[in-house]
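Here is a short note for a colleague opening this entry for the first time.

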Amino acid sequence: MKVFLLVATLATVTSFASSWIYSGTTCENGTANLKCPKGNWISVDFARYGRLSPDTCPHRQGHNINCPGSADRSLMEVRVACEGRRACTINASSDVFGDPCYGTYKYLFVRYFCHLNQVRPRVLRACEGHNVVMSCPTVTGFGIKIHSASYGRTAFHPCAHPERSDLSCHAADSESIVRSRCQDKTVCVMPATNSAFEDPCVGTYKYLTVYYDCY
């Protein structure tokens with residue numbers, strides 16, 4: 001195991017066979033830098049924006065350590081920015097992840113794999129009123145496999161709009177709706193609309209995020 005310091009990030013890397021596992025912590029308002037060796041691509045395994053330790057990213061506003069945030073929301077945001085790429089950056093800020101504990105100094109923890117020569121998963125996002133278009137190569141006979149989906153709004157930054165005050169908005173049946181429409185198909189168009197998912201937060205401008213691969 002090797003520990004090294006990146007810009008604003010403390011990172012750890014471990015090698016297992018053909019994959020490398022990286023983990024790192026970025027203090028609030030810093031930039032997380034994810035990178036894989038040449039020929040490898042990023043697969044995000046876990047992410048959390050909040051605060052659970054007094055010793056990580058010490059700060060005068062770091063006394064509240066009961067701030068777990070939402071790991072699911074954090075994971076989705078990091079996957080949107082980084083999944084399937086060789087390198088990426090993402091800001092550890094409440095504009096990106098929402099603010100799980102106002103007035104507390106937070107940090108972003110990310111754990112990800114670097115995979116070599118495997119099918120890359122895809123993460124797509126569409127703003128309300130638009131479509132997420134998924135496809136898999138027909139010549140290979142692969143079909144769409146849905147890993148997760150969320151229709152709502154969990155962060156301020158994506159799909160900028162005046163009506164985005166509710167940042168705890170998620171349609172609970174998002175994944176099952178997308179899976180019933182798109183699973184095993186080679187091409188699928190999923191509308192990001194209230195008619196497709198019902199409306200989990202009336203008056204808030206939403207977006208649809210889908211994480212899938214071809215198998």
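**Notes on the disulfides**

1. Start with cysteine 169 and cysteine 201. They form a disulfide, with their sulfur atoms 1.9 Å apart. Cysteine 169 sits in strand β11 (residues 169–170), while cysteine 201 sits in the loop between α4 (194–197) and β13 (207–214), so the bond ties together parts that are 32 residues apart in sequence. Keep in mind that this is a predicted model.

2. What is the handedness of this link between cysteine 169 and cysteine 201? It is left-handed, with -75 degrees about the S-S bond. Cysteine 169 and cysteine 201 are both buried.

3. Next, take cysteine 67 and cysteine 101. A disulfide joins them, at an S to S distance of 1.9 Å. Cysteine 67 is in the loop between β5 (40–50) and α1 (71–82). Cysteine 101 is in the loop between α2 (94–97) and β7 (107–116), so the pair ties together parts that are 34 residues apart in sequence.

4. The link of cysteine 67 and cysteine 101 is left-handed, at -80 degrees about the S-S bond.

5. Then look at cysteine 182 and cysteine 188. Their sulfur atoms are 1.9 Å apart, and they form a disulfide. The torsion about their S-S bond is about -55 degrees, so this disulfide is left-handed.

6. Are cysteine 182 and cysteine 188 buried or exposed? Cysteine 182 has 0% relative accessibility, so it counts as buried. Cysteine 188 is buried too, with a relative accessible area of 4%.

7. Finally, the total. The model has 8 disulfides, counting sulfur pairs within 2.5 Å.

Methods
Residues are numbered from 1 along each chain as its sequence is written. This is a predicted model: local features need pLDDT of at least 70, side-chain atom pairs count only at pLDDT 80 or more; totals for chains, interfaces and linings use all residues. Side-chain values use heavy atoms; hydrogens and water are left out. Helices (H or I, at least four residues) and strands (E, at least two) are DSSP runs, numbered from the N terminus. Buried means under 20% relative accessible area, exposed over 50%, partly exposed in between (1.4 Å probe, protein chains only).
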